[in-house]
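Hi everyone, thanks for coming along. Have the viewer open beside you, and follow the residues as I name them.

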Amino acid sequence: MIEQRAADRRNASARFRYPERRTGFDRRAPGGVLAWYRNRPHTIAAVLAGVVLLNLADYLLTVRALNRGATEANPIMAVLFDLSPTLAGVVKLALVLGVVAVIWRMRHFRRILGVSLVALAGFTLVLAYHLTLVAST
């Protein structure tokens, strides 16, 4: 008779461990879009540059909207814009550059690659929102 000393690990729920112990890519499987993306550092760099550029466009369009009488929806950025638009821009750019640096440093992890694509999609939606406001005025 064999004694079972530990719980059956095959039925364990998926958990995110930081830092991940492996990159999360199975070498036996084709891998999909994220595996393709992971193997192209120039594409990752282009996506991260796009995030920074979209963030800068968001800032410039926000300044334009504020000059036309709009209000900032983000309460933290609203306080910074009240103090100084330049300060708000520096803080916004510094935060995004910090996040982009972390993503670049951890680009071998599947979840981080997903975060980079979500950031690009999020800033693209923000830019689309700004452009619809510009078009409607």
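Ala 94 sits in helix α4. Helices here are DSSP runs of H or I with at least four residues, strands are runs of E with at least two, and both are numbered from the N terminus. Ala 94 counts as partly exposed, because its relative accessible area is 47%. For that label the cut-offs are these: buried is under 20% relative accessible area, exposed is over 50%, and partly exposed is in between, with a 1.4 Å probe and protein chains only. Now find Val 52: Ala 94 and Val 52 are 42 residues apart in sequence, yet C-alpha to C-alpha they are 10.0 Å apart in space.

A word on what you are looking at: this is a predicted model, where local features need pLDDT of at least 70 and side-chain atom pairs count only at pLDDT 80 or more, while totals for chains, interfaces and linings use all residues. Residues are numbered from 1 along each chain as its sequence is written, and side-chain values use heavy atoms, with hydrogens and water left out.

Let's zoom out. How many helices and strands does the protein chain have? There are 5 helices and 0 strands, so by the DSSP definition the elements are helix runs, and from the N terminus they read α-α-α-α-α. Of the chain's 137 residues, 26% count as buried. The chain exposes about 10,300 Å², and carbon and sulfur atoms supply 63% of that; these areas come from the Shrake-Rupley method with a 1.4 Å probe, and for residues only the protein chains shown count as cover. Among contacts (heavy atoms within 4.5 Å) with a separation of 6 or more, 73% are between residues 24 or more positions apart.

Next, the inside. In soluble globular proteins, nonpolar side chains tend to be buried together. A nonpolar core, for us, is a set of buried Ala, Val, Leu, Ile, Met, Phe, Trp, Tyr and Cys residues joined through side-chain atoms within 4.5 Å. The largest one here has 17 residues, and Val 96 and Val 100 have the most contacts inside it. Helices α2 (41–67), α4 (85–105) and α5 (110–136) each supply at least two of its residues, and α2 gives the most, with 7. Leaving out residues up to four places away in sequence, Val 96 touches Val 51, Val 52, Asn 55 and Phe 123. There is also a second, separate core of 5 residues, including Tyr 59, Met 77, Phe 81 and Ala 88.

Two of those names take us to helix α3, residues 75–83, where Met 77, Ala 78, Leu 80 and Phe 81 are buried. Seen down the axis of α3, its buried residues fall within an arc of 165 degrees, so they line one face of the helix; the arc is that of the directions from the helix axis to the C-beta atoms. These buried residues pack against α2 and α4. The face turned away from them carries the exposed residues Pro 75, Ile 76, Asp 82 and Leu 83.

Which residue forms a salt bridge with Asp 58? Lys 92 does, with the closest N and O atoms 2.8 Å apart. A salt bridge means a side-chain nitrogen of Lys or Arg within 4 Å of a carboxyl oxygen of Asp or Glu, and the structure holds 1. The pair links distant parts of the chain, since Asp 58 is in α2 and Lys 92 is in α4, 34 residues apart. Both residues are buried; Lys 92 counts as buried because its relative accessibility is 16%. Setting aside neighbours within four places, Lys 92 is in contact with Asn 55, Asp 58, Tyr 59, Met 77 and Phe 123.

Asp 58 turns up again beside His 130 of helix α5. At 10% relative accessibility, His 130 counts as buried. Its contacts, again leaving aside neighbours within four places, are Asp 58, Leu 61 and Thr 62.

Last stop, Trp 104, in helix α4. Trp 104 is partly exposed, at 32% relative accessible area. Apart from neighbours within four places, Trp 104 is in contact with Pro 41, Ile 44, Ala 45 and Leu 48. Trp 104 and Leu 48 are 56 residues apart in sequence and 8.0 Å apart in space, C-alpha to C-alpha.
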